[in-house]
Structures are given as structure tokens and as C-alpha cells.
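Okay, thanks for making time, everyone.

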Amino acid sequence: MPPFDEPKLDTSPKVSDEIRKTTCYMCACRCGINVHMRDNKVRYIEGNRDHPVNKGVLCAKGSAGIMQHYSPARLKKPLKRVGERGEGKFEEIEWEEALETAKSWLAPVRAKDPKKLAFFTGRDQSQSFTSWWAQLFGTPNYAAHGGFCSVNMAAAGIYTMGGAFWEFGAPDWERTKMFMIFGVAEDHDSNPIKMGLGRLKARGAKVVGVNPVRSGYNAIADEWVGITPGTDGLFILAMVHELLKAGKVDVGYLNRYTNATYLVNQDEASDEHGLFIKGEDGKPLVWDPASNSAVAFDTANVKPAMQGDFTVNGVPGKPVFELLAAKYADEKYAPEAVSERCGVSVETIKRLAAELAHTAFEEEIVVDQPWTDFRGMKHDKMIGRPVSFHAMRGISAHSNGFQTCRALHMLQILLGSVECPGGFRFKPPYPKPVEAHPPPHHTSEPGGTLDGPHLGYPRGPENLALDEDGNAKRIDKAYTWEHPMSAHGLMHMVISNAHAGDPYKIDVMMMYMANMSWNSSMNSGGVMNMLTDKDENGEYVIPKLIYSDAYSSEMVAFADLVLPDTTYLERHDCISLLDRPICEPEAAADSIRWPVVEPDRDVRGFQSVLVDLGARLGLPGLTNDDGSQKYEDYADYIMNHQRRPGVGPLSGFRGENGDQDGRGDPNPNQIQQYIDNGGFWINHIPEEALYFKPWNKAYQEWAVKIGLFDKEQPYLFQLYVEPMRKFQLGAEGKGERQPPNHLRQRIKDYFDPLPIWYEPFEQQQVSAEEFPLHALTQRPAAMYHSWGSQNAWLRQIHGQNPLYVSGEIWEEHGFKEGDWANLASTHGQITVPVVRMDALNGKTVWTWNAIGKRKGAWALKPNAPESEKGFLMNHLIHELLPPKGDGMRWANSDPITGQAAWFDLRVRIEKADGATQSLPAIPAQQSPVGEGPDHVAYGEEWS
Amino acid sequence: MTTLPACGDVKLGLVIDLDTCVGCHACVISCKEWNTGGYGAPLSDQNAYGADTVGTFLNRIHTFEVQPEDAPAQVIHFPKSCLHCEDAPCVTVCPTGASYKRAEDGIVLVNEDDCIGCGLCAWACPYGAREMDQAEGVMKKCTLCVDRIYNENIPEEDRVPSCVRTCPAGARHFGDLGDANSDVSKLVAERGGMDLMPEQGTKPVNKYLPPRPKDVAAAGEPFNLAALAEPETKGFLGWLDKALEKI
Amino acid sequence: MHPANSVILFTTLSGLGFGMMVWLGLGLGPSGDTAGPITAFIALCFAGIGLVSSTFHLGNPQRALKAFSQWRSSWLSREGCVSVVLMTLFFVFTVLWWMGDRNMLLGIVCAALAILAIICTAMIYGQLKTVPRWSNTWTVPMFLGFAGAGGALATSAAAAMAGEAIDVSIGMALLAFSALIYIYRRSTQATTLAAAGHSPESATQLGGIGKVRLLESPHSSPNYLMKEMVFHVGRKHADKLALFATILGLFAPLFLFIVFREAGGFGLPAGLQVPGLILALILHFAGALTHRWLFFAEAEHVVGLYYGRR
Ligand SMILES: Nc1nc2c(c(=O)[nH]1)N[C@H]1C(S)=C(S)[C@@H](COP(=O)(O)OP(=O)(O)OC[C@H]3O[C@@H](n4cnc5c(=O)[nH]c(N)nc54)[C@H](O)[C@@H]3O)O[C@H]1N2
Ligand SMILES: Nc1nc2c(c(=O)[nH]1)N[C@H]1C(S)=C(S)[C@@H](COP(=O)(O)OP(=O)(O)OC[C@H]3O[C@@H](n4cnc5c(=O)[nH]c(N)nc54)[C@H](O)[C@@H]3O)O[C@H]1N2
Ligand code: SF4
Ligand code: SF4
Ligand code: SF4
Ligand code: SF4
Ligand code: SF4
Ligand SMILES: [Mo]
């Protein structure tokens, strides 16, 4: 037999002509990418190894960026509506006409009554700019999507400990020994979490997944707690009960770093009942047993009492810790009392509490690193409690979510596992207490600017956005007694309120990258009706709608004027420390996008469009004294705008020569320097400052130096949240501003300054017999909301979504493979295909989020499975609770923050014999971009 | 030539950790984008924006549910690409010699210039690792990124398969399974790496690391709070003063 | 396995052609100077059409020549090589016969090659461990059975048309070949993946944890593998087709053969012999096609285990 000659193979083929380093945009994780260019086309996208976020890895969406960028659904030119709203009939117009149209709609609004513009942005990565623009315009009606996304998580974190999970912080992946993850499918920090889990697995650390559904991250967890939706608060408080009972909390940590020692006014008659007893300088007081007197909390060398009754200037007080311990000692928090409701066995709750205690205290870790705290006390080492936690919308997107998130943070703090080695750590600019955030602003004059940033953290009723008559000043009714601490606004209420004219009517609605007529809304069908509804004069009830999207989404069809955006590879962008940056627990970092590919269509980056439109409207800050446009485009703004002297959108390469970090004058070469540096800037936190950041002198100094704050601002964690008590006092009839009567009881009940659990609202209202099941959605790792479906590669993975039904329900209803079901809530019904899943809480059904599509959208063909078999759960979820018969509109939201309660949904299921198509089937929209091609063979020219 | 070469010492392959894979499909798409403009014909997609889209992929993730007798069901994500078998039936069945196994590193490849697209090799593969490209009519399969791992145009640290480089969880490992001292071989030894369908006698080079036992309480450890609690606790806060003294 | 029309037609038709070659090569069937070579030519046509149609399912038929290179390891290559040699020699045999010389030596060589070609075809399937229903002892005999039976019927019909007598032994052979086909079906019916020791548990090696079930396919849209190898045919449907294939494809031709072997036998009008035998051949061929369809459709590929299908 002749020897076989293997074919000659070129094992070193050319990959690309050039690598351009920028930032991914396929989700909010914002990984660094190396875009390989060949013949001026994108050949390959890989993770940037040097990048702080992803360190070289890339998710499915990131790798599918090629198909996203060359999507057939890309908009090509500004569009003016010519048909009816929702039909998708448009005429292409020139940019000049588009901008002048927008100006002609907006200028009168600004001159007369700026609040008649509602400007809401979706998954916006330029909020510090869009919000500033809205501020300059003078409208109080601005927010991004946070209110329906995860504000419970964010706000509970800020109020409790000055930062939350996700981009606010991360577990110490290299050191933690036990990790519990609550209600997370994918999260914003998606690559880092996967990398972290990988590290834990490589080290053999224990991972516990608390989630009704055992998929994704929960699938690889060593232990699965298949909790009943909406009951995490109870489960957590039961563990707190156990830990306190056994004395397994970090007393030293609580004593030094938390308000466990603050004295709380116990005089029921006082207007300050339940508030902290403060000294003359306004500092909260603690009891110093050594001197037997009340002293300021930050007094050096004090070891304050944590229990006992003390009287300060005649006011009776008790330390927070005693109140806390007494509260959770109650047998209603005992594992035996909560087990059934949570669907978690008594043994499991007890064992997990014990495992946490064991790992935190018996396996404590010590890092040989001296440090000094803000009271001047020197510590010769750093003690770590190697248990860590992460949570997201599974606990957040419930009407009891704020308190549940608080409960989890309290658990972390009791274990002493925040900001210590092996625990959870913040990412700069966090930690940042409430005091370092502005309160909300909502006041402007016609033709003027708003008095400050829209979104902030209220300290009490005095910060509510109410006019003299107690009416809501904002269209979304954020910062009203209905949801006083709605720190991210309530985007999910905007269309509904604008349609109802409650609290008032608006003239122009401007939206940016939010698919509000579809997957982004609760009650999608209703929202489409509101957007197309006309008044008695035949005018649309919501008069004018300007929308910016990059693709032919469902929302485009409802716009009167469409401003087509570029793709993420075609524009400048900054991921700014003023906004939601890409920092890591060990470093501050920010990054940019830049046009690595030139647009081949008549489209413009939306931020650049705002720069232009702002100048046309004569907005101060965007206009020169002579009335001319101040910044040429967004890139110009990024480099030259200053928020505070020396502090601008980008922190790297500041100063005329680009050699200053954090603070410094604008640098005309800044973007180029970012490009040369791989698209990002990073500044590492000194070793001494790596842990205990809120109290660590070295960290505070570093933060001031790089411009995160202007002065050091050490603070203590707030186990007891005083602002909540202030709202409660109002409800109790104390203080100047008080809630309307119908809201008093709920504020008294739910604004407990110590975490509590209560039954989610929808569950309180609907009959468990009629709607016995919980219905949830999860994000698929390989899809980003609705955008993924235009991606030829990704849509093959998730082109349709079944309803996953627990084995228990499956058996009960006698379902068989290939069956369909009707799923009904109090609000509506959908018909969907079902699939059995046993690794699922027995009373739960779920599906992948946002796979269902409206026919005609996304350049898909009419027979695409996304619209034939795919479906949206949103049709079953209403933005309002079922009417209670009191004539009020009660939002389906958390009573504290207004967070949309997506996961409170209760449903019932029955077989749908003979069904072959998902329902409701919304009539098709016309596509302004045509349909995608039949065949794709990307890369033909190179192979 | 479709007879198998005498196996060399080098057996390059992947080790896939089923305990770590979160099923994110990152490797699937990274593989597609690397290969679609790389080795051989592009990986085409038919009906790309309509119904019954059929695209060529060299790596896919299955998701299985496993029901133990007395514990909650588990979900296990299961990546699958060519296992570069030592006794590769896909090679010996090929009538044209297009399918071959490289003597120097054991990589199984298709020389597309010789492939008539008969599909027999795909029938012969037990693992579903070969897919015929519908546009070009040639057989496609995982190349183990042979055009990356030796590629002098890319930095040395990146000379690993695209799927390995991208995997966010680090569930994919690449190396020489013929070398008992390589990291991958050690991992296989440590974690009890498995062959898929051993009964087929293909002797896969790629190994799968089994999921670690789940939902089992760590035995023998004092995970009992009562045992951890201070002995002389009196009342709910009885321990507090003592604890405070200690700090 | 997906029953592709071109492959079904190809294997059945070329099998028939090869079967005829065996009979003709061995000196059986019509022996007349005209009828003989014409029958041989028809055999060539059947085999030729079959072989050509086999290239229809190739992705790149223009490279088909390369398929002759790997005869050392590949049954498909061997089949190609043997077929080409056979076709060439049989062509020579036919031409010589036309010219008046029915070369027995060449005939026997051709017969042997035809048997080899049939075995090669059968082994393309028989070698596939991935399809237990194919990789068993009875696949080769079954292919031989079809070729032999088809060849017998075709050459007999030709002989009848030429007014020649048909030997009883051909009937015996027909019976034997039909039996092979029947045995294949009976003996492989139980050869499911499970019976062959394959299961989702063995495929995934996760059986140690518990019972394994596919929860989510790799892609919600189909792929080549699923289309090609995860064909699903209903059991009832299959049984019905099998009955059809057996009765019409095996028993009916046998019966017709017995009845019409002799012109005027059983007291029937002599003119019915030719149509009777042709009907037998047609029924047999329809049965063979059905059987071949089932051969694919019922065969389970182990890859189905990864797709939640058998
Ligand atoms: N790939 C991908 N990544 C994304 C996105 C995307 O669309 N695709 N979207 C981004 C956005 S906007 C967001 S907000 C984040 C959200 O990231 P996640 O918070 O991970 O969001 P969801 O997918 O909604 O997952 C919610 C999880 O909570 C579980 N859950 C529901 N109710 C409960 C409960 O009561 N208790 C517990 N313990 N669990 C519960 C659900 O089963 C689900 O696993 O993801 C971001 N990242
Ligand atoms: N049932 C259910 N519904 C949910 C949720 C849930 O858990 N369950 N989660 C909710 C949450 S947390 C969120 S954040 C929302 C997300 O919902 P959305 O934010 O609405 O997400 P998408 O619809 O993917 O994206 C919005 C639009 O942005 C457009 N877009 C993409 N890239 C660009 C660009 O570069 N420029 C411009 N101008 N536009 C672009 C897209 O084409 C799309 O039309 O969904 C919410 N909806
Ligand atoms: S996680 Fe994926 S989609 Fe999100 S930024 Fe990173 S690579 Fe892009
Ligand atoms: S996995 Fe399949 S394609 Fe790969 S070598 Fe083994 S048999 Fe061949
Ligand atoms: S499809 Fe190509 S590689 Fe596969 S057996 Fe046929 S010729 Fe060989
Ligand atoms: S090694 Fe390369 S070709 Fe093979 S699966 Fe991974 S990326 Fe794809
Ligand atoms: S990239 Fe890694 S974690 Fe994700 S599916 Fe592939 S192997 Fe699994
Ligand atoms: Mo979100």
C-alpha cells in the first residue's frame, strides 16, 4: 500500500488585515472585543484578552455580532409615517427634514410647558448624556428602563450598603468558598459571572442556586433550591432567624461598620419616633458603655452597645441591633413556619444557614495586608468571610422585591461578608451611600432647564415629586406616595399614563431603543391599542411619537418619525464613570466604542443626533453663545464636555497631554488614546485599598484622587433604613407631607425600616384556586431580548419558545409531547406549545423571554417560527393590578420603588386541543426594510 | 487516504467539563464565525430569515434532563463536536479519501477539494459530528481549528481552538491527550473523564468530565447551628455581650 | 434514516440489474440470439440508470471519479470500482453475445462480479455500526435476495417473451431468495437501538446519575443530521407497508411465477404467461421499493439518542 500523502494544508492562513478594538453592544455587559477586519468587512470578532470585563472570552451574542451588524433588519434612512400607526407604512426622508420636524414638534413644547415631552430611553448605555439632554430641555419626564428592570435590586443595595450586585459589585471569585445565587438566569454581568462560576468550579467551591427553574447557572450549581416564586424573603429571613438564634453573626463587623449600634428613638409620641437619635451636629449617636454616654457614631476607639435601653437627653433609645434581633427572633420566621410556603424543607433551610455560618466563621480567611479605617484605627490584617451572594431579577421583579433584596443584603452584612476577602466587593464608583447621590429633581420653568438630575435617592417625603396640590409632577408618577423611592422612574407606566392623561396629557413622546409596543411592555396588546387610540377629533391620544432604533423592530411601526441609528460597530460611544461603568472590584475602568466600520446607509448615531437637535433647540450646554452648535458630534462631546471641572465622560488620558488619570482638562486626542490602548482605560486600586472600601482610608483617598468623589465619604451600612421610616411616619400622620388616605396603610405596612416579607400583590388579590400556578420568563444566554431574532445564527438556536411545564402539572393535565395549552391570567389568555421539565418548581411554568415576534418585524419572513409558534408572556401581565373596586388604578409594581412585578404573575393552564399556532396572532406590520435573503454564506470571499 | 494512519503519540483533542458548562452556546457561535470565513467552504444557512432554517454548525449544545431516583431532576448541558476518534469510522468509509486522520496530531479532517458530498461519513459517525453544507455540498466538521492552533499569524497564547478561547465558563480544554503529563490528561485522570458511546469502539480522543455529585449535603461536617452555637447561650441575645467583649 | 428517493431507486434498480447479470452470466434466462443480448442490455440499463441516479444525491457529482480511489477501506469505493469493472465486462459480454458468442467464462466472471457488487452495496449499510438494524448478518443476504429474486423474475419474463421455457429450478431459487428477504425482516425487526445496547444513558454517559431525557435541542430549527438521520416512521404505518411489501413483493410474484411459469400451465390461456410474469416483476419491484423505503425509514441511527429520538 503506498504511503498516504496528507493533503498539503496551510496551517498559518491569514486571518485579517487589521484588528480594531472596541466594545461589544450585544448586551449591557460591555465586553472588550477585537474586531478583525478583512477587505473592510468584519471577518471575526473575539474577546479582548486585556479587557477588564471579559478577559478574552465572548458570549454567543458577542460572537454573532457579525450577523447583527450585517442584519437585513437595519434601518436605512429617516422615516416619516404615512399610514396609520402600527401599520409600518413609511416614507424615507432626508435627515434635514427629520431634524427640522423634530425641532418643530419640540421647540413649542419647551417654550410652553417642557413636561409635555416624555423622553424615555430603554437599554440606554449613554444615560449620563441622554438624562443631561432631558435636563437641559427642562422636562421632568426622563428615565431609562431601570424601573421595569431591576430598580428593586439597585435601590435596595444603595439604601442598605451603598451599592448592589451586578455592575455595582461582584463576589471575590478567587477566594470565596460558598456562593449562593438567587434568581439569576443571565444577568448584565453575564460573562464575568460565567467566568466566576468557572473559577469556583475549578477550585471546587460550593455553588447553591436558588431558583424555581434549574437551568443555566442553576444547572451547574452543586445544590439547587427550587424555591416557590416570590418567597425568597421568607427563606432568607428564616436563615437570619437561625443565625441570630445561634449567635452566628459577625459582631465585630456589625459593631464597627454598620448602623447596628445607632440608637433609635423609642418615644412613640415623638415626631421622630423610629428615627435615629442624633447629636447637635446631626450625626447619629451610639451608646458608649465605657463612658456611659451617647457619642457620635464615628468617635475614635468607641465600642458601642448593641443592646439595652438608653436615654439621651430624655429621649429613650435602643440600638438597631436589638430591634433587629427581636424582630427576627419571632417564630414566624422560624424555618418550620416558612418551609411550606417557600417550598424548601426545614432541614435544607437549617443546613444552609449552618453551612453559611460554618464557612464564614470556621473557614475564615486572613490576608496579610495592614489597613487603616476611617476612624483612624489600624488593622494589621484583613479578615475574610468566604461566603458570597449574587441575585438579580428573580428576587427583584416582584412587588415585594425591594424588601427581599434588603433581606439578602442584611444576611450578607450579618455574616460580615461584604467588602471583605472572600465575600462580595463593590466596583468603583461604588460603594457610594445615599448621601453621595442627588435627590430627585423635577422643577423647571418654560424655556428653562431642570433644577438638577431627574433620578436620585429620596431621603424622605420632602423629596417627592409632587406639586402643591399633591399631584404627581412626573408622567410616570415616580416619586409619589404610590412608589416614593422609585429611583429609576417607571418607564412601564409612561404609555399607559400618557394615554389615560393621568396625571396629565403630553404632546411628544420620544423614545430610544426600547421595544415598548412589544416585549418591553407589560400588556403588549393593550399598549399597542393605546399607541393607536384616537380621540373624538380623530387625533392620536398620544399625539407625537419620535423613536430611535437601529433595526426594524415592532416599536418602529408605531412611530411618527423614526431616527435610524447606526450599529454598534459604526459609532462613537462612551461607557462612562458618570454612568454605569465597566469597573471591576480591583480597578476603575471605562471604555469607548468607535466606528470600526463606516455606515453604508444614511444613518446617524442617536447621541450625535441629540447633539445636533439640542443645538437646533438652543439648549444651553449644547449651544455656543453665538447660537451655533457647540459639539460637532458625540465624539466631540465625549472629549470636551466637563460635568465638574476636570471631570468628564471619560476618566482616562485626561489633561492636555493625555497623561492624567481621573481628573484633568479635556484632551483633544483622548479617543485616539483610548483606541491605542485597546478601547478602554483602567486604573488599579492600591493593594491596601482593595477591601473594606467604605471604611478604608486608602480607598477613600484613591477615590478622591481619580475623581470618583470630591471629598472622602466613609459611611456605615444601613441595616435600618431611616428614609423608609420617614415615609412611614408620614403615613402615621406625622410631618408636613402625608400620603393620601388610601395609601396610608400600605406605607405603614411595607415601609418597614427593617426587611420584611409580605405576599406579592397579585397573589394577594387573585384566587389561588383559580390561578394556581406561577409563570416566569428567563433570558436565554444566546439572545438579547428582541434583537437576537434578526440574527441568522442566533435565531437558529432560539427561533421559537415552548412553555416549560413542571412534571407535576404535566401529569395532572395529561399533557403529551407536541401538545399545546391555553395559559390564562386574570388579564388575558395565550395559546402556546408545551414541553415537560422536571427540574422545575412543581407549581411553576416558564418560557424564554422575548422570542415571540410580530409578523413583518425584524425583516423576518411571514412564516418565521418566531411569529407562528413563538409567543410573549407579556400578553398575560398587566401594568395595573386587577381592579379592586375602589376606582383606583393600582400599578402592578413594588410599592416602594415602582419596580414592575413581572414575576408575580399567576396563571392557570389547560390543554388546547388542535392548536397549531400561538395566540394571540397580532396582524402583520409592513417592513420598511423588506425581508432578509434566503441564503446566507458569510465569509464566502475568504474561503 | 481513508485507511487510518498508524497513530502517533500526539493526540490533540478537547476535554469538556459537564460540571461547568452553563449551556451558553458561546462556543457554538464562535466556532461558526471562525470557520465560516476560514477552513474550506463557508458554513451556510438556508432560509436564514424564514421557517425551517438549516445552517451548518460544527459544534452544538444539547440540553439533557437527568432524573435521579431520589433527588431532584438535574439539567446538564452537553456540548458536542467531533471527538477526533482514534478508530474513526467516518474516515474509513469515505470513498474519495477526502476524510482523513492526520498522522502527526490525530486531527480528523475533510479535504473539501476531494469530497463528493456522499454523506456516508456522517452516517458512520455515531456522534452527529459531521454536517453537510447545503450550499457547497461538501462535508463539514470540526477541524480542531487546525488553522488556529499552529497559525503563526496569531499570537501564541491564542493558538487554541476558537471555542476554547471564547468559553466564558472555562468548560472547554484543549491539549494533547496522548501525553499523560499534559494538563488535559491530568484533568481527565483526576475527574474521571469519559468516552461517549464506548460500545461503538471509536476510541474518541475528546473526553467528557462528568458532573460532580449534586444536591448531596456535605457529609460529616458540623453543619448544625446548634452545634456551632456558644454553649451557655441564654435567650436570643445571651451571647451578644460575650461576643462584644471578644472583638 | 431519511429514505431518499434517489438512493432507494438506485439501490433497487441497480440491484435488479446486477441480479439479471448474475442469471444471464450463469447461462440462465433467455438464450436466444436476440432475446438474450437484449435482456443483457436491459440489465445494463437498469444497473446503469441506478448507478447514475446514485450520483444525484451527491453534493459534488463532478468529482465522482475520486470515489474509485479508496477501495482499500471503503465499501462505497469498492462498490464503485466493482460496478465499473462489471459494467465494462458485461458490456463486452453483451456485445459478444449480440455478435453470436455467449462467452461463458466472461459470463461467470460477470456473475461473480455482480454478486460482489451487490455485496459491496449491502456492505455500505452493513458496515455501519451506527445503525444496528443494518449492521447485522442478514443485510448482505437480503440485498442478494432482492437482486436474485428480481433477476430471476426479470430474466424469466424475458425468456417467456422470447417463447423460451423457464426451468423449475429458477422457481426454487426465487423461493430461496424471497426467503432471505423475509428472514431479514423477521430477524431485524427487534433490532432497536435499545436492543443493540444503545440508550441516551450510554450516549451521554450520564446514566450513573439517573434517567436521561433530551430537554432542549441544540437548535430550535432543524439541522442536516436530524433531517438525514432522525427520520421517524410510525410503527403502524411501517407494519402496513411491510405487509404490502411482503404480500405484493414476495408472495404474489412467487404465486404468479408458479402459475405462469409454463405457458398454458394450470389450464390457463398461454397468452397470459407474459403479462403474468411481467406483473410478477412489477409487483416484485414495487415491493422491493417499499421494502427499501422501510429499510431506511425504520433504521434508527444512534445519533438520534442525542436528539431525543430513536
Ligand atoms: N443573554 C442575555 N443577557 C441579558 C439579557 C438578555 O436579554 N439576554 N437582558 C439583560 C437585562 S435587561 C437584564 S434586566 C438582565 C436580567 O438578568 P436576570 O436577572 O438573570 O433576568 P431573568 O432572565 O429575568 O431571570 C430571572 C431569574 O429569576 C428566576 N426567578 C423568577 N422568580 C423568582 C423568585 O421568586 N425567586 C427566585 N429565587 N428566582 C426567581 C427565574 O427563574 C430566572 O432564572 O439580563 C441582562 N442580560
Ligand atoms: N415577560 C417579560 N418581559 C420583559 C422582561 C421579563 O423579564 N419578562 N424583562 C424586562 C426588562 S428587564 C427589560 S430591560 C426589557 C428589555 O426590553 P427592550 O429594552 O425593549 O429590549 P429590546 O426589545 O431587545 O430592545 C429595544 C430596542 O432597541 C433596539 N436597538 C438595538 N440596538 C440599538 C442601537 O444600537 N440603537 C438604537 N437606537 N436602537 C437599538 C432594538 O432594535 C429594539 O427595538 O424587557 C422587559 N420585558
Ligand atoms: S456578554 Fe456577550 S453580548 Fe454582552 S457585551 Fe459581553 S460579549 Fe457582548
Ligand atoms: S466524532 Fe465522528 S466525525 Fe469525529 S472522528 Fe469520531 S466518528 Fe469521525
Ligand atoms: S461526504 Fe465527503 S468526506 Fe464524507 S464520505 Fe463522502 S466524500 Fe468522504
Ligand atoms: S475546535 Fe474549532 S472547529 Fe472544532 S468545535 Fe471548536 S471552534 Fe469549532
Ligand atoms: S461556551 Fe462553554 S459554557 Fe458555553 S456552552 Fe460552550 S462549553 Fe458550555
Ligand atoms: Mo432589564
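Let me start with a cut-off: a residue is near a molecule or strand if one of its heavy atoms lies within 4 Å of it. Before I use that, the ground rules. This is a predicted model, where local features need pLDDT of at least 70, side-chain atom pairs count only at pLDDT 80 or more, and totals for chains, interfaces and linings use all residues. Residues are numbered from 1 along each chain as its sequence is written, chains are lettered from A and ligands numbered from 1 in the order in which they are written, and side-chain values use heavy atoms, with hydrogens and water left out.

So, which residues are around ligand 3? The shell consists of Cys24(A), Met26(A), Cys27(A), Cys29(A), Arg30(A), Cys31(A), Leu58(A), Cys59(A), Lys61(A), Gly62(A), Ser190(A) and Asn191(A). Helix 1 (60-63) and helix 7 (190-203) of chain A are the elements that give two or more residues to that shell. Helices here are DSSP runs of H or I with at least four residues, strands are E runs of at least two, and both are numbered from the N terminus. By class, the ligand 3 shell has seven nonpolar, three polar and two charged residues. For the classes, Ala, Val, Leu, Ile, Met, Phe, Trp, Tyr, Cys and Pro are nonpolar, Asp, Glu, Lys and Arg are charged, and the others, Gly among them, are polar.

Now hop over to ligand 4. There are 14 residues around it, and the ones that come nearest are Cys82(B), Leu83(B), Cys85(B), Cys90(B) and Cys125(B). That shell divides into eleven nonpolar, one polar and two charged.

Next, strands. Two of them pair if DSSP finds at least two bridges between them. Look at strand 30 (residues 803-806) of chain A: Leu803(A) and Val805(A) on one side, and Tyr804(A) and Ser806(A) on the other, are all buried, and both faces are covered. Buried means under 20% relative accessible area, exposed means over 50%, and partly exposed is in between, with a 1.4 Å probe and protein chains only. That two-sided pattern has a background: in a regular strand the side chains alternate between the two faces of the sheet.

Who does strand 30 of chain A pair with? In the parallel sense, strand 32 (residues 829-837) of chain A, over four bridges, with Ser806(A) opposite Met837(A). In the antiparallel sense, strand 33 (residues 844-848) of chain A, over two bridges, and there Tyr804(A) stands opposite Trp846(A).

There's also an open three-stranded sheet in chain A, in the order 26-27-28, with antiparallel pairing. Its edges are strand 26 (573-575) and strand 28 (680-684) of chain A, each pairing on one side only. Strand 26 is joined to strand 27 (residues 587-593) of chain A by three bridges, and Cys574(A) has Ile592(A) as its bridge partner.

Okay, aromatics. Rings of Phe, Tyr and Trp (its six-membered ring) pair if their centres lie within 6.5 Å; planes under 30 degrees apart count as stacked, over 60 as edge-to-face and the rest as tilted. That rule gives 71 aromatic pairs over all chains. Take Tyr938(A) and Trp942(A): the centres are 6.0 Å apart and the planes are at 70°, so the pair is edge-to-face. Tyr938(A) is buried at 8% relative accessibility, and Trp942(A) is buried too, at 11%.

Over in chain C, Trp134(C) and Phe296(C) have centres 5.4 Å apart and planes at 85°, so this pair is edge-to-face. Trp134(C) lies in the loop between helix 4 (104-126) and helix 5 (139-161) of chain C and Phe296(C) in helix 10 (residues 273-297) of chain C, so the pair ties together parts that are 162 residues apart in sequence. Buried or exposed? Trp134(C) is buried, at 0%, and Phe296(C) is buried at 1%.

Last stop, charges over rings. The criterion is NZ of Lys or CZ of Arg within 6 Å of the ring centre and within 35 degrees of the ring normal. Arg571(A) has its charged end over the ring of Tyr25(A), 4.6 Å from the centre.
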